[in-house]
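Please look over the sequence and the model shown below before reading on. The briefing that follows takes up an annotated site and its surroundings.

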Amino acid sequence: MDQERVKKLVRELIIEVGEDPTREGLRETPERIANMYKEIFGGYDSDSELSVQFSEDSDVVIARNIQFYSMCEHHMLPFYGKIHIAYSPNGRVFGISKLVRLVEKYSKRLQIQERLTKNIADELHSQGVKGVVVLADAEHLCMKMRGVKNDATLSSSAFRGIYENKEEKAGIMSLLRNRASDLSF
């Protein structure tokens, strides 16, 4: 990302909304926003590091309440929430922090929640696991502060591998529900 170009564009935007970019409170805003964009859109250059695996088998591994923040690609406003991942290993498990890195890789992009959910499931499934479930619950500021101005939340899910089977899907969803009363699924 060209930080200098972003600063110039933000300065122009400040002018377009009717403000003075030389005003004390706005003087450093273009630089702050350029730095913020570098951080919150860092997913384009990140590696989820799923190659960090260990020889260990387990029936299912579940990571709950992985907090994420993303930016809606339609209005460039934040959406945020929690992602829950369950996977059935195929003789190898991932380093525990790698699931969080996987969520960050895709959430730190201009995004929609449905694609975020799908991308996480697809990358994890591509690593040879038997099955993957990704559940996401989020609040969208593009819906809260503009348009319909409603506090509704959005839930999305993706099922891959063995969890595409109706019986396996029911079993993993039961396990997720029984262990996490805060899930909306």
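This is a predicted model: local features need pLDDT of at least 70, side-chain atom pairs count only at pLDDT 80 or more; totals for chains, interfaces and linings use all residues.

**The annotated site and its surroundings**

Residues are numbered from 1 along each chain as its sequence is written, and side-chain values use heavy atoms, with hydrogens and water left out.

**Binding site**
- An unreviewed UniProt entry places the feature "binding site" at C72, H75 and C142; the positions follow the numbering used here, the feature name is shortened, and such annotations may be inferred rather than shown by experiment.
- Although these residues are spread over 71 residues of sequence, they cluster in space, with a largest C-alpha distance of 7.5 Å.

**H75 and C142**
- H75 lies in the loop between β2 (61–72) and β3 (78–88), whereas C142 belongs to helix α5 (residues 141–144); helices (H or I, at least four residues) and strands (E, at least two) are DSSP runs numbered from the N terminus.
- C142 is buried, its relative accessible area being 10%.
- Leaving aside neighbours within four places in sequence, H75 is in contact (heavy atoms within 4.5 Å) with C142 and R146.

**M76**
- M76 is found in the loop between β2 and β3, and with a relative accessible area of 38% M76 is partly exposed.

Key
Buried means under 20% relative accessible area, exposed over 50%, partly exposed in between (1.4 Å probe, protein chains only).
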